[in-house]
Amino acid sequence: MFRTIVKIAWASLRRRTTRSLMVVTMICLSLWGLFLMEGIYDGMTEQMIANAIRSDSGHVSLFGQGYRLDASLDNRIKGSDTAKLEKFLDSDPRISSWVKRLKQQGLVATAHYSRNTVISGVNLRREKGHGRLEDYLVQGEYGFGRQAKGAIIGFKLAEKLKVSIGGKIILTAQDLHSEVTATALRVTGIIKTNNLRLDETTVFMDIAAARKFLGVEHGVTQVAVMLRDNQQTAGFQAGLRQAFSRLEVLRWDEMYPALLQSRVIMNGFSLVVSLMIFGIAGIGILGVMLVSVLERVREFGIMLAIGTGFGRLRAIIMTESLLMGVTGFLAGAFCGWLSLLYFKIYGLDLTVFSAAFNEFGMDAVTHAIIRPDYFVNAFVSIIFAVLVSMFFSLRILRKSKPIEVINEI
Amino acid sequence: MTPVMTEFLQIRQISKLYQPDKEVEVPALDNINLSIEKGEFVVISGPSGSGKTTLLNIIGGLDLPTEGQIILDGKLLTGLAERELAGIRRDHIGFVFQAYNLLPVLTARENIEYVMKLQGRSREKCRARSLMVAEKLGIASLLDKLPHQLSGGQQQRVAVARAVAPTPKLVLADEPTANLDSKSAAALIDMMEKLNREEGVTIIFSSHDPLVIAKARRSVVLKDGKLVTDICE
């Protein structure tokens, strides 16, 4: 009987080929577009998160007690804690890399312009292996020169200071003893991390030079840790908090809550997308099924008269709706997956809008993400739309009193 | 009321009132009483609007009487739920309609096998039975054709095959020859009579064609919803 039901459903769809194809195409195109939007928007969000993790926070960052509220060198991670911490980090197999940074707020100036800045003393070799800082370099070289008198600065800061490679900058800051101190550096590199905080304010200098400049012999202000598996972040954070109760241990999303919000927005967006799919598929299928049912009241009447139960009619209508919905879904999912795969590998180049993207700290080239959720959510929406459209179609059929129609010649 | 088990089909005090709106009542059947034995070949005749179709629909459970009872093979049909009636139509009653009413997307063979499949018979049994009935009705060569590829007479023979193939207890045919020429009509009634004899199936059909009526062994005449004559051969 199943074959007969499928045959009747299939033949009914074929009888209205153009209409059926239009609905399938409509579902396919809607899904295709929506998968693309989801994958690319997700890609943008994840790239922003990845940039923040790589360039600054790591998966977890450690700070001295009170440093987050008062970024003073007095609140740094002291030398004794640093040694213990280094030993701990070197022995934990969950960690892929970690770096120490010595940061201080100050002023950066050229002959004509000055800006607030965050001076960040780093070890470039370790940073390279940690967050691939070198990959963010857009001008100059990845180094501080032979005498460690160079600086790598964010591209936005460079624009504001109107300074280029080889240009001289003066750093002024308060040292450990609350004395104002200054040093002159040459810009050796300009980076573009798309982490707005870094690109607009940070000046990277050699950590040893920074110690000398700020008068800090021991200790650091931040230790950033990168994990092999980001799923372990929360557990790792809890372990660190237990082991180093005198330190503040923050996850990346605690340091960059706005980025986490982007993810939340993305989830909301996915929900809206699912509702849109449900609406589009539902209206399309419902329209075709209503017409199809109304055209075939007599046919259904014959079936009922010769002993077909209403459940079988439900099965026929459901099969028709499912054939359209699932075909549209499969076509849309295939096109969407193929396009997302392309953009995942080659990226979506929106350099034309790079100025706008830069304002929001986003990459002009976005690599799409493909999550099974996209397809599962869309499929559930389609099935739901099929069931709703079937429900209305069956109601209309019942109201049409099909058995009475068969006596009309 | 407990049904009496002597007759195969009992039609007891059946009345039907149609009410197109609240203040208008149209009597379609008025206190019809009729008993039909197993294996009978009965024609219900009468002028247009006499209630033939209404009576057949009520016997077949396609319509509900305003009053009265239908008892088929000892089972009271009146008052059964639609689901149970569908089961009885599927297993015990075959229908032949004036307008053939074949399912347009199925071939002649699939139309004939449809009810048997609903009954849950195996594919092989459906095949064998549909072929046997089709041969009896002279349509074996047409089994793979779709309804729109067949003439009116051929379609009606497929409809008869569909009604008879599931081996029902009763076949109800509502003016099966109305859309056929006289030669095809006579041939169709002859075939139905042959099936009645060979398969032992009880057949009740309606008609107002004197040539067709003459072939029945029992003739029931309705007029204005009332039974006026009931003549056995």
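**Figure 1. Surroundings of A:Arg296 in the predicted model.** Leaving aside neighbours within four places in sequence, A:Arg296 is in contact with A:Ile8, A:Ser12, A:Arg15, A:Arg16, A:Ile316 and A:Glu320. The structure shown is a predicted model. A:Arg296 is found in the loop between helix H10 (257-295) and helix H11 (297-305) of chain A. Its relative accessible area is 2%, so A:Arg296 is classed as buried. The side chains of A:Arg296 and A:Glu320 are joined by a polar contact of 2.8 Å. A:Arg296 also forms a salt bridge with A:Glu299, with the closest N and O atoms 3.9 Å apart. A:Glu299 counts as buried too, at 6% relative accessibility. Between the C-alpha atoms of A:Arg296 and A:Ile169, which are 127 residues apart along the chain, the separation is 82 Å.

**Figure 2. The interface of chain B and chain A.** In this view, 21 residues of chain A are in contact with 26 residues of chain B. About 2100 Å² is buried between the two chains, and carbon and sulfur atoms give 62% of this area. On the side of chain B, the residues that lose the most area to chain A are B:Val105, B:Tyr114 and B:Leu118, which together account for 27% of what that side buries. One salt bridge is found across the interface; in a salt bridge at 2.7 Å (N to O), the side chain of B:Glu110 meets that of A:Lys7. Five residue pairs are in polar contact between chain B and chain A. Helix H1 (52-59), helix H2 (82-92) and helix H3 (108-118) of chain B each give two or more residues to the side that touches chain A. Of these, H3(B) gives the most, with five residues. The side of chain B that touches chain A comprises 13 nonpolar, five polar and eight charged residues.

**Figure 3. Nonpolar cores and the contacts of B:Leu9.** The largest nonpolar core has 87 residues, and those with the most contacts inside it are A:Phe35, B:Leu9, B:Ile11, B:Tyr114 and B:Ile204. Neighbours within four places in sequence set aside, B:Leu9 is in contact with B:Leu34, B:Ser35, B:Ile36, B:Ile59, B:Ile70, B:Ile71, B:Leu72, B:Leu170 and B:Ile204. Another core, of 41 residues, lies apart from the largest one and includes A:Leu157, A:Val163, A:Val203 and A:Leu214.

Figure 4. Over all chains, the structure holds 36 salt bridges. In chain B, B:Glu113 and B:Lys117 form a salt bridge whose closest N and O atoms are 3.7 Å apart. Both residues lie in helix H3 of chain B, four residues apart, about one turn of the helix. B:Glu113 is buried, with a relative accessible area of 1%. A salt bridge also links B:Lys136 and B:Glu199, the closest N and O atoms being 2.8 Å apart. Because B:Lys136 lies in helix H4 (residues 123-137) and B:Glu199 in helix H6 (residues 182-199) of chain B, this pair ties together parts that are 63 residues apart in sequence. B:Lys136 is partly exposed at 25% relative accessibility, and B:Glu199 is partly exposed at 25%. In chain A, a network of salt bridges links A:Asp56, A:Arg101, A:Lys103 and A:Glu127.

**Figure 5. Surroundings of A:Thr366.** A:Thr366 is found in strand S12 (residues 365-366) of chain A. With a relative accessibility of 1%, A:Thr366 counts as buried. Not counting residues up to four places away in sequence, A:Thr366 touches A:Ile40, A:Gly43, A:Met44, A:Gln47, A:Phe343, A:Gly347 and A:Leu348.

Notes
Residues are numbered from 1 along each chain as its sequence is written. Chains are lettered from A and ligands numbered from 1 in the order in which they are written. This is a predicted model: local features need pLDDT of at least 70, side-chain atom pairs count only at pLDDT 80 or more; totals for chains, interfaces and linings use all residues. Side-chain values use heavy atoms; hydrogens and water are left out. Contact means heavy atoms within 4.5 Å. Buried area is the accessible area (1.4 Å probe) that two parts lose on being put together, summed over both. A salt bridge is a side-chain nitrogen of Lys or Arg within 4 Å of a carboxyl oxygen of Asp or Glu. A polar contact is a pair of N or O atoms within 3.5 Å; within protein, one must be able to donate a hydrogen and the other to accept it, and residues adjacent in sequence count only if both atoms are side-chain atoms. Ala, Val, Leu, Ile, Met, Phe, Trp, Tyr, Cys and Pro count as nonpolar, Asp, Glu, Lys and Arg as charged, and the others, Gly among them, as polar. A nonpolar core is a set of buried Ala, Val, Leu, Ile, Met, Phe, Trp, Tyr and Cys residues joined through side-chain atoms within 4.5 Å. Buried means under 20% relative accessible area, exposed over 50%, partly exposed in between (1.4 Å probe, protein chains only).
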